[in-house]
Amino acid sequence: MADLKKAGKRNRSLRFSILVFVLVLTTVMGLMHTFGKKFRIASIDSFCPFGGLESIYGYFQDGTFLKRTNFNDLLLLIIVTVLALVFRRTFCGNICPLGTLQELFGKLRGFFIKKRLVIPVQIDRALRYLKYVVLVVVLGATWKLGVLVIRPYDPWPAYHHLYSEDLLEEFPIGLAVLAVTLIGSFLYDRFFLQISLSNGSLSWNSRKDRFFQGKAEFRNLYKLQTVLKGMSCKY
């Protein structure tokens, strides 16, 4: 049992280190895009897997990408899809920088609120289904109009324009969504990722898939065997 606890603690530390690294990296990339002179990288929109989904229709139709997106988005979409097939919500839980921001605000909650708040089941279920409806609407409008229709409402670009003069002009709604996201995450765990339409909507609910359910049962069996071995050594 002690070994399992140590392994769990080590895994949590590794996961949090990866989350912070990706958040810092993407923040620096956003700053370099805005303020870089000699070395100015592409827009932060070109490093988002959802941008790949938004651009995939135009890419296969005539080989073009939407403005502010490029092949990076498509590549990230493929990687995230493969990870979702194998490890479920790996991107949302272990890589997504917006999720890291939410988790940091969630950790702050412990200093002020000891009780863990939970979204009511009925509301949570409705929001989880609603995000798929929004996903279809957004993708349909994006593919039809050929522009990133969600961008003005997206909290992630808004985060990267907090230091920009165009923030209130270009992202007033996105800024409001970002504020609601962080406040919500202070009260509820990863508030936005539970109800958002983007990468979370692409993740498979592997509990309903027999193959992945089998993998989960195998992992649980392995953990049980490890515990039993530890007990046999002691007794």
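The buried residues of helix 6 (residues 121-145) are Asp124, Lys131, Leu135, Val138, Leu139 and Thr142, where buried means under 20% relative accessible area, exposed means over 50% and partly exposed lies in between, with a 1.4 Å probe and protein chains only. Helices here are DSSP runs of H or I with at least four residues, strands are runs of E with at least two, and both are numbered from the N terminus. The model is predicted, so local features need pLDDT of at least 70 and side-chain atom pairs count only at pLDDT 80 or more, while totals for chains, interfaces and linings use all residues. Residues are numbered from 1 along each chain as its sequence is written, and side-chain values use heavy atoms, with hydrogens and water left out.

Helix 6 has 25 residues, and its end C-alpha atoms are 36 Å apart, which agrees with the 36 Å that it should span at 1.5 Å a residue; the expected span is 1.5 Å times one less than the number of residues. After helix 6 comes glycine 146, with a positive phi near 75°.

As for the whole protein, it has twelve helices and zero strands. Of its 235 residues, 36% count as buried. Contact means heavy atoms within 4.5 Å, and among the contacts with a separation of 6 or more, 70% come from residues 24 or more positions apart.

Helix 2 (residues 49-62) has 14 residues and reaches 20 Å from its first C-alpha to its last, close to the 20 Å expected. Even so, there is a kink of about 45° in helix 2, centred on serine 55; the bend at a residue is the angle between axes fitted to the seven residues ending there and the seven starting there. Serine 55 is itself buried, as are Pro49, Phe50, Gly51, Gly52, Leu53, Glu54 and Gly58 of helix 2. Just after helix 2, glycine 63 takes a positive phi of about 80°.

Glutamate 54 also belongs to helix 2 and counts as buried because its relative accessible area is 5%. Leaving aside neighbours within four places in sequence, glutamate 54 is in contact with Leu66, Leu139, Thr142, Trp143, Leu148 and Ile150.

The loop between helix 2 and helix 3 (71-87) holds arginine 68. This arginine 68 has a phi near 80°, a positive value in a residue other than glycine. Arginine 68 counts as partly exposed because its relative accessibility is 35%.

Cavities come next. On a 1 Å grid over the protein atoms alone, a cavity is a set of points where a 1.4 Å probe fits but cannot get out, and lining residues have an atom within 4 Å of a point. Grid points are joined across faces, edges and corners, and a volume is the space filled by probe spheres set on the points. The count comes to two cavities of 30 Å³ or more. The largest cavity holds about 110 Å³ of space and is lined by 14 residues, of which Asp45, Cys48, Glu54, Asp154 and Pro157 lie nearest its centre. Helix 2 and helix 7 (155-159) are the elements that give two or more residues to this lining, and helix 2 gives the most, with three residues. The lining divides into seven nonpolar, two polar and five charged residues; Ala, Val, Leu, Ile, Met, Phe, Trp, Tyr, Cys and Pro count as nonpolar, Asp, Glu, Lys and Arg as charged, and the others, Gly among them, as polar.

The second largest cavity holds about 50 Å³ of space. Its lining is formed by Gly30, His33, Thr34, Ser43, Ile44, Asp45, Arg151, His160 and His161, with one nonpolar, six polar and two charged residues by class.

Valine 177 is found in helix 9 (residues 172-187) and counts as partly exposed, because its relative accessibility is 24%. The C-alpha atoms of valine 177 and aspartate 154 are separated by 7.3 Å, with the two residues 23 apart along the chain.

Technical notes
On a 1 Å grid over the protein atoms alone, a cavity is a set of points where a 1.4 Å probe fits but cannot get out, and a pocket is an open set with protein on both sides within 12 Å along at least five of seven lines; lining residues have an atom within 4 Å of a point.
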